[in-house]
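Please open the structure in a viewer and keep the selection panel at hand. The stops below are given in order.

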Amino acid sequence: MAASDRTVLQFGPSSAVTSNITAKVHPLVIFNISDCYVRRPDQAERVIGTLLGSVLPDGTVDIRNSYVVPHNEFSDQVALDIEYHHTMLKSHLKVNPQEVIVGWFSTGLGVTGGSALIHEFYCREVPNPVHLTVDTGFRNGEGTVKAYVSVNLSLGDRQLAAQFQEIPLDLRMIEAERVGFDILKSTSVDKLPSDLEGMEVLMERLLTLINDIYKYVDDTVEGHAVPDNSVGRILSETVASLPKLSPPAFDKLVNDSLQDQLLLLYLSSITRTQLSLAEKLNTAAQMP
Amino acid sequence: MARSFLQVAAAEEVAPPLRVVQIEGLVMLKIIKHCKEFSPALVTGQLLGLDVGSVLEVTNCFPFPIQEEDEEIEADGANYQLEMMRCLREVNVDNNTVGWYQSTMLGCFQTAELIETFLNYQENIRRCVCIIYDPSRSNQGALAFKALKLSDSFMDLYRSNNFTGEKLREKNLSWVDIFEEIPVKVSNSALISAFMTELEPDTPVTQRDYDRLQLSSSPFLERNMEFLIECMDDLSVEQQKFQFYYRSLTRQQAQQQSWLQKRRDENKARKAAGEEPLPEEDPSNPIFKPIPEPPRLESFLIANRIANYCNQINGCRHCCHYNYYYCCYLLPLLLLLLVVLATIRCYCSFCHCFCCWLLLILLLPLSIVGGGGGGGGDGEDDDDDDDDYYYYYYYYYCSY
């Protein structure tokens, strides 16, 4: 069978490579980008900037920080302030040397021609930059955040173009940020929630969840809902994971810790009394 | 009444007092990230924003690199700051310094350096604020952001170096008056809040901060107690210094009196002998040298720290106690679920035991509530008198 003479447009063997790359974005980056977008100069339609972060050992790109780079865009040309980019990079590296360039971002939906040029510039800085687009215009009716890597399209031996392939994106938050997540959602919060208030809210949520489960189990028993074995198994595993303490042991445990804490409370009250006494001694003592 | 332009310009501007500090969510996230990355090392950074009337708006911030204690690198640090401000200016960020932030470990931030930094800043900026963030307390579940500033009365007194006992008594200044805490308000632009609401993950179940519900608060309490004990030691050292000072002052006065007496007697003798009386004062005599009063600032700061630790222990106690209460109530609920599940699967003798256990566990919260209600007579056999005693104390301190 004669070999086919047609050259085939290859989507590159790197599709196997890119399928392993995922990106994780910290919400700080989104905040930063939105803030920069709001502050952009009047004639600019979009803002672009550099993404900083690190590459985790399993191949995931962890995007932790970002800064905006002033640029000018004309019909065909793009001018980027490279010196600014390097200065900011140096300053950021002084604070945190582990955060290196991992890519760049731009606002607006989709990838334009100018983006390819900018991407090429970033390819020179870092081997496989990730391109993040943040749609601040909410064009699809929702704020889409997408990440791309570029894959080279080659026809035979010739390089044709670079294709932006989307990679899965994951938005994650560290615990402290989760604590303040509700604060970050609204446009203004009058005061930071105190310990007790936060605890109350959390308890209420937990109780709602448990009520939901309760209702579900009820419905399943009575036959209203379709029983799902896997859910039932998960539920029973959860319940079985509670430590099995006999009632007196549990009682003793609770009481002991309670008493410890009451003791501490007593100590701290005594300390406070001591403080006010010390203050009196320090300032009110008069020499004749 | 219409005033001439000259009159208005000549009238002194009275700055409205600072009522609230408005932080942007972006700044909070940046501070959290920076402090958390470098914890337990303490880090600082600069706050940028606007000063509008009685609100101080903080719109951006940038971190400071950790500096070594080298003289040459100080110029480097100033360069870094200038460069950052210049770059941020180019992208339309408010270029105005309004203060600085620093991280702390369990709240021991009241130091003399803080006061020095405040005074340095106050020379250039009319209104500045310091934001303290505590990453270790945030791990416990509370968002520990605090905005501090020095009270004006303290600043005047400190600047004039009149930090002595009489002056303090005059102005009625005590250790609570050094720092003023300003309420913090968080604001976000509409775009960001739209994004955040949008990007809220589909499973709100996993994205909640259930770490707060952890029952083991003992490491936190232990560290708090450790610091508290250290501070108490420092306080007692300071108090000993004061005692020593007072004792030596009394002794010196007694010495002065006896010397004066001797002089007077001598003068009487000399008058009788017809000689010139000697002066009644002798500044060269060492017993007339005024003893320097020990500085009070340190003891004030220690008092502040101790109060802080006490507050934290109290707050922690609140949370833990609620944990226990709810834990007791949740357990029976969960066990009910198990019972129901067991009936779905199959009827086994296991169920019987669980029902008994269920009843016992249901009695448990009743016993705690009953005991707490003042040793009330439900007739629980588990509780001995000691528990009732402690529950009494609990309710007493609850109202404290």
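Is Ile270(A) buried, partly exposed or exposed? Ile270(A) is partly exposed, at a relative accessible area of 42% (buried is under 20%, exposed over 50%, partly exposed in between, with a 1.4 Å probe and protein chains only).

The model is predicted: local features need pLDDT of at least 70 and side-chain atom pairs pLDDT 80 or more, while totals for chains, interfaces and linings use all residues. Residues are numbered from 1 along each chain, chains are lettered from A and ligands numbered from 1 in the order written, and side-chain values use heavy atoms, without hydrogens and water.

**Chain A**

Next, select helix α9, residues 247-284 of chain A, in which Ile270(A) lies (helices are DSSP runs of H or I, at least four residues; strands are runs of E, at least two).

Colour chain A by pLDDT, the predictor's confidence from 0 to 100: the average is 78, and 79% of the residues score at least 70. Over residues 13-17 of chain A, the pLDDT is below 50. Where pLDDT is low, predicted coordinates should not be read in detail.

**Aromatic pairs**

Nine aromatic pairs occur over all chains (ring centres within 6.5 Å; planes under 30 degrees apart are stacked, over 60 edge-to-face, the rest tilted). Select Tyr133(B) and Phe145(B), a tilted pair at 5.0 Å and 40°. Tyr133(B) belongs to strand β5 and Phe145(B) to strand β6. Tyr133(B) is buried at 1% relative accessibility, and Phe145(B) is buried at 8%. Finally, go to Tyr245(B) and Tyr246(B): their ring centres are 5.4 Å apart with planes at 50°, so this pair is tilted.

Methods
Contact means heavy atoms within 4.5 Å. Rings of Phe, Tyr and Trp (its six-membered ring) pair if their centres lie within 6.5 Å; planes under 30 degrees apart count as stacked, over 60 as edge-to-face and the rest as tilted.
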